Amino acid sequence: MKLQLHEPAPGFHRPIDFLRACHRRITNCLDTLERLPAHIEQHGADAEAQSAARRVLAYFEQAAPQHHADEDEDLFPILHAYRDDPGAHPQLGEWVDRLSAEHPRLEAAWHTLEPSLQDIAAGRADLLQGAEEWVRLYRAHLELEDNAVLPLADHLLSPEERTRLGRSMARRRGIPDAYAEQADE
């Protein structure tokens, strides 16, 4: 039950690509959550299940909140300014509002699922009640972001907005000078 969370991410000087890389990591976690119940049914909460649960926990406890903040505090406000732009899709404002409203719901459902994963990480088998629905909701959320919102961001954001977005994302992770270093690469 492999979980690939360590794919090299693009630098903060490419913030939209960085967000896409985060989405791939989230998708890997969702794939793991879908496979975990069958694995536990067959093998119990063995070392492989424990490791997978720990990795999913680590991602959603640490990286996912930063990712949601990247979108809610930085990307979505920039995109809202473009909602009436002729180059934007007429539903951009609606999409951004929907995605922003989904983040708290996804986070609340995560907190319901988290204790089950903690049990598995500790070697106790658990049925992961609610995981299937949470995965379905998260996949729909990512689909809208990946297929509609991020392509529009690629099209609409100016170089200055990308720089501002990337710097904010780096600061959120405690890397204040990362953007300058990566921009020179």
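Gly123 comes after helix α3, and its phi is positive, near 90 degrees. Helices here are DSSP runs of H or I, at least four residues long, numbered from the N terminus. The model is a predicted one: local features need pLDDT of at least 70, side-chain atom pairs count only at pLDDT 80 or more, and totals for chains, interfaces and linings use all residues. Residues are numbered from 1 along each chain as its sequence is written, and side-chain values use heavy atoms, with hydrogens and water left out.

Now step back into α3 itself, residues 92–121. The helix bends by about 35 degrees at Leu113. That bend is the angle between axes fitted to the seven residues ending there and the seven starting there. A proline, Pro115, follows within four residues.

Next comes the loop between α3 and α4 (131–156), where Leu128 lies. Leu128 is not a glycine, yet its phi is positive, near 55 degrees. Most residues other than glycine have a negative phi. Leu128 is also buried (under 20% relative accessible area, with a 1.4 Å probe and protein chains only), at 4%.

Last, look at a helix pair. Helix α2 (residues 47–80) packs against helix α5 (residues 159–172) at about 155 degrees, and their axes are 10 Å apart. So α2 is roughly antiparallel to α5, a term for angles over 145 degrees. Where do they touch, with contact meaning heavy atoms within 4.5 Å? From α2, residues including Gln66, Ala69 and Ile78 meet residues of α5, among them Glu161, Leu165 and Arg172. The residues of this contact divide into 5 nonpolar, 2 polar and 6 charged.

Note on methods:
Axes fitted to C-alpha atoms, helices over the stretch in contact; angles between N-to-C directions. Helix = DSSP H or I, 4+ residues; strand = E, 2+ residues; numbered from the N terminus. Parallel < 35°, antiparallel > 145°, perpendicular 65-115°, else oblique. Contact = heavy atoms within 4.5 Å. Nonpolar A, V, L, I, M, F, W, Y, C, P; charged D, E, K, R; others polar. Buried < 20%, exposed > 50% of the residue type's maximum accessible area, 1.4 Å probe, protein only.
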